[in-house]
Amino acid sequence: MACECRGQWGPGDPDRAERGKGKDGQAEGERKWVEEMQTGTLYSRRGTSEETGGGGGWLLYKRIAVVPVLVYLLGSVASRRHHDDTTTSRQGYEYTNAKQAMTVPATTTSSTASAQEPSDWQARGAAKRKQRDAAIPAAWRLSDEVFASLQMPLESNANNVLDVPRRSGILSERELHITEGYDVRGLLAGLAGGEMTAVEVTAAFSKRAAVAQQVTNCLTEMYFADAEKRARELDAMREGGQLAGPLHGLPISIKDSFQVAGSQATIGIVGFLDRTSEANSALVEMLLGLGAVLYCKTNVPQTMMVSRAHLSRVFLRWRLADGEGVKTCDSQNNVFGRTLNPLNTSLGAGGSSGGEGALVAMRGSPLGVGTDVGGSVRIPALCCGTYGFRPTTGRIPYGGQARCVTAGLKHIVACAGPLANDMDSMGIFLKTVIDARPWLHDATAIDVPWRDVSQDIAGRKLRLGLLAEDPTYPLHPPVRKALAEAVRLLEAAGHEVVRLTAEECQTARAGQVAWQCFSLDDAPSRAVDASGEPAIPSRVCTLERLRGVDMGFVADLPPSSGDDSNGGLKRLAALNVKRQEIEDRWRRVWVERGRLDGVVAPAAQNTAVEHDEFGIPPYTMLLNVLDYPACVIPFAKADESTAGEAFELASGQSGPQYRPERIRGAPCSIQVFTSTMRDEECFEVAKLVDACVNGKAK
């Protein structure tokens, strides 16, 4: 079922007609609430002061959050008052001139009588943004002329900002060459051989990251000064005849959830602004030990991706069984605001590693590290046109993350993985980190070295499965065309492609299990509620999509609450049984279909779509349920050839609306995966597929 999260209701809503009558104002109030929940709206050319950076939906949200039963009963009064007494205005980055500090106000609500004072969560978010933005030197700030060349507000206009670093005049020609002319292997060779210094490479990527931040809002923490200091130390080490490690001098960006001692890891929650990281995450410690330079952290959705949907029953009276887990793929929060897609700023950058996707796409990072619990590395990669790799859980250390989950509760476990602009750069990261024995830093990591299987796969013809399009989640025409073209190219090159059935693939069933697993933990929603901030609007959109999805596979689960104090434990046990059914069905695929080197699949139903509209990610979530390694490969773009194709969702189907005029030029992608712990095979097969479909040298 499609939804429109900008104040309209989905076509599959059985109560839409009744709500539309607006007899008591409640329908209009609900629409207004959804519209004004968009608290992270950014980037108009001129805005108000940063202290107003808050949410238009806060008034109604606060009433509901504090006294839900009372507001539910008196909803007509509350909604009418909210609709009559408030107006919304969208603000954005304001530059009076190139040397003034940036402001990032979000949607604001003002009374017709007098301006509303910012709430505590708004003021705290504004203060954090001010602190972050102060880390950008004045000389690295974009000029008025650059902004004048863009359509404002960026968030609602189709701007391609990939050329802004080159047009800005901030980077020298050498710095442009460093950031555009080398992959990770080339940078490491130049750094080791003395053709370039760690200081100049760090400065080049720091400048480019600062530029990317100003047009996409992709960063949360900037360590530019500390990074320069470390780079000087690394240069001194090399001058003395030593290298710090195999990643000597390489700038690497990391997702906000990774902890760096002495800085913050808010993961987009206002309440976490009270926290300062006391120690480095395991991977941070490893990367520093391997010689890398960490220079920035990147933006995420509120709570990173998953929270329990108790909001559904309180706010919009949707009757979802026991509160489904809400997963959002839009990197927006009330601390830093919304990350924009650099290929088209009116589209989402994906999530939850959306800041990494935007930064890597703008070549503000040669190598980024995200995390993935339902597609959080792969979705930003497919939205922003980069490569992304989800390893088997535990291959890359995940320990020491900032999280808002109940400690010790395990169901679908997140993992860390790379994003880059080429396959080889991700391979260097995977091999280097895994060969450094991450288990020595993180007890949850698997102590298995990287295996070289390149000779077993390179140069031979592959036998690949093709994941079936799931009837519940039909593909948008550009995605279907890209997948078909990739299969055509593979078969033309002599590779065999075996068409799997939807029953074999279990995509929809895996999604049902995942949503119910996520719903077991209400810690993310409690963290949001405790800070007094509203939920971001993409969570509402996801809930709307879930309403029309068949949950029959998990309909017989025991309740998670009630008189039985072990209800949650029984529910988790039952979900594990369901998950094992899906795992065993896939085991049979690998056995009954004969030898398969891997499976080619869509990465999502859609390309990048408008903000808050991505919704459910079934084609990535499947592989988290299975814990299979998977790689997203950019291939083709949405163009005029599919603009005239009809795309209508039938009853029981779910997905974003298809608006070809809005996504024109958006990158398409394919996904390649293998069975669990076959990360090395997955990577080598993906390299071969990439070489075939994108015409790259092996």
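## Burial and basis of the model

Buried means under 20% relative accessible area, exposed means over 50%, and partly exposed lies in between, using a 1.4 Å probe and protein chains only. By that cut-off, both W586 and W590 are buried.

This is a predicted model, in which local features need pLDDT of at least 70 and side-chain atom pairs count only at pLDDT 80 or more, while totals for chains, interfaces and linings use all residues. Residues are numbered from 1 along each chain as its sequence is written, and side-chain values use heavy atoms, with hydrogens and water left out.

## Cysteines

A disulfide is a covalent bond between the sulfur atoms of two cysteines. The test here is a pair of cysteine sulfur atoms within 2.5 Å. Searching the whole structure gives zero disulfides.

C404 is buried, at 7% relative accessibility. C668 is also buried, with a relative accessible area of 2%.

## Aromatic pairs

Rings of Phe, Tyr and Trp (for Trp, its six-membered ring) pair if their centres lie within 6.5 Å; planes under 30 degrees apart are stacked, over 60 edge-to-face, and the rest tilted. The count comes to nine aromatic pairs. One of them joins W140 and F224. Their ring centres are 5.5 Å apart and their planes meet at 55 degrees, so the pair is tilted. W140 lies in the loop between α6 (120–133) and α7 (144–148), and F224 in helix α12 (residues 224–239). The pair therefore ties together parts that are 84 residues apart in sequence. Helices (H or I, at least four residues) and strands (E, at least two) are DSSP runs, numbered from the N terminus. Both partners are buried: W140 at 14% relative accessibility, F224 at 7%.

W586 and W590 form another tilted pair, at 6.0 Å centre to centre and 45 degrees between the planes. These two residues are four apart in helix α24 (residues 567–592), so about one helical turn separates them. The pair belongs to an aromatic cluster: W586, W590, Y628 and F673.

## Charges over rings

A charge sits over a ring if NZ of Lys or CZ of Arg is within 6 Å of the ring centre and within 35 degrees of the ring normal. R275 meets this rule with F272: its charged end is 3.6 Å from the ring centre.

## Cis peptide bonds

M152 and P153 are joined by a cis peptide bond, with omega about -5 degrees. P153 is in the loop between α7 and α8 (164–167).

The G351 to S352 bond is cis too, with omega near 10 degrees. S352 lies in the loop between β9 (337–338) and α15 (354–361).

## Positive phi

N217 is not a glycine, yet has a positive phi of about 55 degrees. This residue is in the loop between α11 (198–216) and β3 (219–222). Its relative accessible area is 0%, so N217 is buried.

D612 is not a glycine either, and its positive phi is about 75 degrees. D612 sits in the loop between β15 (598–602) and α25 (618–626). With a relative accessible area of 1%, D612 is buried.
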